[in-house]
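Subject: Structure for you to look at

Dear colleague,

Here is the structure I said I would pass on. My notes on it follow below.

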Amino acid sequence: QAQLMESGGGSVQAGGSLRLSCAASQYRATGCYMGWFRQAPGKEREGVAALNRITTYTTYANSVKGRFTISQDNANNILYLQMNNLEPEDTAMYYCAADGQPVCSGASVLTTSRYKYWGRGTQVTVSS
């Protein structure tokens, strides 16, 4: 069973950058897709970015395209989310997730129901 732990959150001003990290134990159990999600107060959790660990194909929500980059360090079992040009609307708790599926289906990679394993989250706050 995979265990995920996020780090790297913090408070920044609009236009700033942060890099989130997700350390995964039992990395082989994480499956094909890993992703980053976020949840702002009073809102549903939404998919931000997803990565096919085999092909390194990436998928992004329209709201973060061109600003966020998802990547992995397979040698150290770490998933990253580089966030540039942050906006106040990016303020949320950010979660790392892994689908735990051995089959690399590309369907619904930004939906929460696909993912089996979740971290506890790291807070990102962007001030204007």
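**Aromatic cluster**

A single aromatic cluster is made up of Phe37, Tyr115 and Trp118. Please keep in mind throughout that this is a predicted model.

The number of aromatic pairs is three, taking ring centres within 6.5 Å as the criterion. One of them joins phenylalanine 37 and tyrosine 115: the ring centres are 5.1 Å apart and the planes stand at 75°, so this pair is edge-to-face, the cut-off for that class being over 60 degrees. The two residues come from distant parts of the chain, 78 residues apart. Phenylalanine 37 belongs to strand E4 (residues 33-39), while tyrosine 115 is in the loop between strand E9 (92-98) and strand E10 (117-118).

Are these two residues buried or exposed? Phenylalanine 37 has a relative accessibility of 0% and therefore counts as buried. Tyrosine 115 is also buried, at a relative accessible area of 6%. The limit applied for buried is under 20%.

**Arginine 45**

Two aromatic rings have arginine 45 over them. Its charged end sits over the ring of tyrosine 95, at 3.7 Å from the ring centre. Arginine 45 also lies over the face of tryptophan 118, where the distance to the ring centre is 4.9 Å.

**The four-stranded sheet**

Now to the strands. An open sheet is formed by four strands with antiparallel pairing, and their order is E1-E3-E8-E7. Strand E1 (3-7) and strand E7 (68-73) are at the edges, each pairing on one side only. From one strand to the next, the twist averages 20°.

Within this sheet, E1 and E3 run antiparallel and are joined by five bridges. Glutamine 3 is placed opposite serine 25 of E3.

On to the next pairing: strand E3 (residues 18-25) is antiparallel to strand E8 (residues 78-83), with six bridges between them. Which residue of E8 is the bridge partner of leucine 18? The partner is methionine 83.

Regards

Key
Residues are numbered from 1 along each chain as its sequence is written. This is a predicted model: local features need pLDDT of at least 70, side-chain atom pairs count only at pLDDT 80 or more; totals for chains, interfaces and linings use all residues. Side-chain values use heavy atoms; hydrogens and water are left out. Rings of Phe, Tyr and Trp (its six-membered ring) pair if their centres lie within 6.5 Å; planes under 30 degrees apart count as stacked, over 60 as edge-to-face and the rest as tilted. Buried means under 20% relative accessible area, exposed over 50%, partly exposed in between (1.4 Å probe, protein chains only). A charge sits over a ring if NZ of Lys or CZ of Arg is within 6 Å of the ring centre and within 35 degrees of the ring normal. Two strands pair if DSSP finds at least two bridges between them. Axes are lines fitted to C-alpha atoms, for helices over the stretch in contact, and angles run from 0 to 180 degrees between N-to-C directions.
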